[in-house]
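Please read the numbered points beside the sequence and the model.

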Amino acid sequence: MSYSARMQKNQLYSVLLAPRGRIRMADTGAQIAQLYLSPFDQLIGIIGEAGSGKSALIKGMFPGLELTNDDEGVNVRPLPIMDLEDEGFFKPHTYHLDVRFEMGFYQLHELADAILNAMNNGKRVIVEHFDLIYDALGRNAHLLIGVGEEIIVTRPSYFGPEPEQIAHIVYESIVYRKMAHTTEDLCEYCLTKQGAFRYTHGDVRHGFILSFREKPDLDIQMLEKDIRAMIEAKLDVSFLDDNHIKIGDVTHYCTSPRVHVDNTSKITKFRLYPKLLRDSITGEYMLVGIVGFDLNMKLVDLNSI
């Protein structure tokens, strides 16, 4: 057992907020690799909906890895892991496959046999939608990662957690991340009416944070009214390209264009905190938006365990 694995033998799971945007998600992947990945982990299971940011996370964890079905639509054929014996002298150490995608080409037992064969040959395999192949494999992953509103990192033991437990959590929570991200984009669009363009993005459960170095002159009540009007207009939200979405007829810049609800009417319990909050550590002023959360609850309850 590696040093990394020994140090984590009593770890049940770790939870990180799932950021929005490819760069922040890739940075989070690099952080997870540094803190939790052992060089001797052979089977990495990834669980989460399509568009949740799994590909960016994997690219952050394994820089340079060729994904066989990534968010840019690059489909590697034939699937390299299926031809392990035919790759010659320069064989890769790490393989990737997306089970949900590959089920259109192979039976589950074929994919499971290929994964086990690669592991028996000392290879590492990163498996997206690991919950779909768990039963066929007959074994759990060395490292299991779920991506929803939060990123759950766990090193399963005989006592669990099982992939379906992680899947239940992340598939249920991703809706809040989609609502929060969509509302964040609506807020960005409405901020332009008040001449606010420079801010950084932050994350909080069931919401978003926009941080300003200098205190902006904002009418938060009017801003909330403008955002509510867009929500009530039931505007379609759709992917346009890797850096843009469409909100109704408006083209809007976005670095995570797949993590949205498909219509603004699906955003529930939206509110803006009625005043800017000042971070005592950074000195920045924070505009906080909340979705899908009991309106009577306090901000300090957002990240409660």
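1. The largest cavity is lined by Leu17, Ala18, Arg20, Glu149, Tyr176, Arg177, Ala180, Asp203, Val204, Arg205, His206 and Gly207. Two elements, helix 7 and strand 7 (200-204), each give two or more residues to this lining. The greatest share, three residues, comes from helix 7.

2. The model is a predicted one. When the whole structure is searched, one cavity of 30 Å³ or more is found. The volume of the largest cavity is about 50 Å³.

3. Helix 7 covers residues 163-191, a run of 29 residues. From first C-alpha to last it reaches 41 Å, close to the expected 42 Å. At Ser173, helix 7 bends by about 30°.

4. The largest nonpolar core holds 28 residues, and those touching the most other members are Leu191, Ile227 and Leu287. Helix 7, strand 8 (207-212), helix 8 (220-232) and strand 10 (244-247) are the elements that supply two or more residues to this core. Helix 7 again gives the most, here with six residues.

5. Leu287 deserves a separate look. Setting aside neighbours within four places in sequence, Leu287 is in contact with Cys187, Phe208, Ile209, Leu210, Phe212, Leu218, Ile220, Leu223, Leu272 and Leu276.

Key
Residues are numbered from 1 along each chain as its sequence is written. This is a predicted model: local features need pLDDT of at least 70, side-chain atom pairs count only at pLDDT 80 or more; totals for chains, interfaces and linings use all residues. Side-chain values use heavy atoms; hydrogens and water are left out. Helices (H or I, at least four residues) and strands (E, at least two) are DSSP runs, numbered from the N terminus. The expected span of a helix is 1.5 Å times one less than its number of residues. The bend at a residue is the angle between axes fitted to the seven residues ending there and the seven starting there. A nonpolar core is a set of buried Ala, Val, Leu, Ile, Met, Phe, Trp, Tyr and Cys residues joined through side-chain atoms within 4.5 Å. Buried means under 20% relative accessible area, exposed over 50%, partly exposed in between (1.4 Å probe, protein chains only). Contact means heavy atoms within 4.5 Å. On a 1 Å grid over the protein atoms alone, a cavity is a set of points where a 1.4 Å probe fits but cannot get out, and a pocket is an open set with protein on both sides within 12 Å along at least five of seven lines; lining residues have an atom within 4 Å of a point. Grid points are joined across faces, edges and corners, and a volume is the space filled by probe spheres set on the points.
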